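The following note sets out some remarks on a model for a colleague who is new to the subject. Please read the numbered points alongside the view below.

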Amino acid sequence: MVSAAARYGREPGEEVVRACIAVLESLDAFGPASHGAADGLRVRTLRVLLTASELWWRDGDGEGAIGIEPWPAVPVRALVAQAEAAASRTADRALRATARHMTGQHLVVTHSLDAALTALTEAVELARAAGDTFTELEALTDLGHCTVGRDMKLGVSLLERAETLASRSPDAFPHPEQAQLLPMTLARLTGHIGVAAFDRGAFDTAESRLRDSLHRLSPRNTPGPFAKMTNFLGQLLTAAGRFEEAESLLTGAVGRLAPRATASTHQGYNLGLLGKLYLEWDRPGQAAPPLLAGWDHLRAAPHVSLLPLLRNYLGELLMHPSYALRDVARACELFTETVEECRRTGFQRSEIAALMLGARGALQLGDPQSALGLSERAVERLAETGEMPALRSEEVYFTRYEILLSAGRQEQADPWLDRARSVLLAKGRTIADPDARDAFYTRVPTSRSILAASGQRGHTP
């Protein structure tokens, strides 16, 4: 076990998976007699295995056998169940905290946000009661990141708590693998703080944190976290209008992972975001191949928070006026599917985006009443939730403005344009470099549209 953990971050992730499998097989050889004394070792080994194998997670069924050739296929549901069962046979709250943390990580991928938040909260409380600072830090990092999707302010406060806890982390740990996992946990925490800054519209702070996180990670040895942080930075660069930088980053990440990720959630998300980048860049012909390839990855390795994001991207592609296979009616069906799915899974950001996009689609189909209703629901949901990750508030407000304006309701429309412009300019003020700020204002289609509409009313940036 110690040998397997020592490899993490220093050797390719698949080699760490194989070393952990060897430990688990040795425990299984003893049968039920290994329960009890070996339960702690089993839980701790599963923690390292799941951490190292994130790129290759599968929901899993049946006996939950772990595939290792040519690349790992890790049945996360079955392995988390093993960890929970082993931890429950002990009176060790630290082991139970570890198992609950793994369960939370699993549920945010396979079930719903609410279920994940419950498990992660329990993990934090158990770890704190057990005096296990490392597991508390791990769980608090994920709890803060996931909470941002429900309550931005609370999620940020949890991440700040995690950062404070990290500053007090001990020099010695009760288990040697914790010391091996700590650098990756700190890199993830830094990245998640950066993501939260981006979601709040603080571009420069977000970029600094995300680049710091990526500097600490390795596409070879920590491929899962590296792929995630690359995606977050790619989102930021795309949203800022720095399309060439985003393209270079994302194509590089996809190329490095391609030989090792035949069906991967993270590879799917990066491919999907590459497609979204080309949509923002007004290159729909280039958007289709990576978007469709990313969708195939996510159908093979589903992730309940990412499927609706890519489904919305596909709908945007189908609505693009220059796309050869344009099909607005089909796009609207996809948006409706996303809204219904997100009400079940709790991922409000994609629900609001789908309502907004559905409003645009309804207008294109000549259904102004549906467009008015959908855009109203979008702004109402945004008011209920507050700021949401992976969602441009200014775009939601501007869509409401456009649809009210198309209905001849300029007096009602104008305040929504004012709100969109206010949010946009506030984001721009967080970008110190004048050229980068200009790119945000002039290259991002939503930014250009808002400022053009504002200019017609006599406003200037």
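1. How many disulfides does the structure hold? The structure holds zero disulfides, a disulfide being a pair of cysteine sulfur atoms within 2.5 Å. Cysteine 342 is in no disulfide, and the nearest cysteine sulfur, that of cysteine 146, is 15 Å away. Cysteine 342 is buried at 2% relative accessibility, and cysteine 20 is buried at 0% relative accessible area. Here buried means under 20% relative accessible area, exposed means over 50%, and partly exposed lies in between (1.4 Å probe, protein chains only).

2. On the basis of the note: this is a predicted model, in which local features need pLDDT of at least 70, side-chain atom pairs count only at pLDDT 80 or more, and totals for chains, interfaces and linings use all residues. Residues are numbered from 1 along each chain as its sequence is written, and side-chain values use heavy atoms, with hydrogens and water left out.

3. On the overall fold: the chain has 22 helices and two strands, which are DSSP runs numbered from the N terminus (helices H or I, at least four residues; strands E, at least two). The radius of gyration is 23 Å, close to the 23 Å that the globule rule gives for 461 residues, so the chain is as compact as a globular protein of that length. That radius is taken over C-alpha atoms, and the rule is 2.2 Å times the number of residues to the power 0.38. Along the principal axes, the C-alpha atoms fill a box of roughly 75 × 45 × 35 Å. Of the 461 residues, 59% count as buried. Among contacts (heavy atoms within 4.5 Å) with a separation of 6 or more, 63% join residues 24 or more positions apart.

4. Grid points are joined across faces, edges and corners, and a volume is the space filled by probe spheres set on the points.

5. On the cavities: there are three cavities of 30 Å³ or more. The largest cavity holds about 800 Å³. Its lining has 49 residues, and Val108, His145, Lys228, His303 and Ser305 lie nearest its centre. The second largest cavity has a volume of about 450 Å³. Lys276, Tyr313, Ala390, Leu391 and Arg392 are the closest to its centre, out of 24 lining residues. Helix H15 (307-319) is one of the helices that supply at least two residues of this lining, and H15 gives the most, with four residues.

6. On the pockets: the largest pocket contains about 600 Å³ of space. Of its 21 lining residues, Glu316, His320, Arg360, Glu395 and Pro445 are the closest to the centre. The elements giving two or more residues to this lining are H13, H15, H17, H19 and helix H22 (445-456). The second largest pocket has a volume of about 200 Å³. It is lined by 14 residues, with Arg200, Glu387, Ser393, Val423 and Lys427 nearest its centre. H20 gives the most to this lining, with three residues.

Methods: 1 Å grid on protein atoms, 1.4 Å probe; cavity = no way out; pocket = protein on both sides within 12 Å on 5 of 7 lines; lining within 4 Å.
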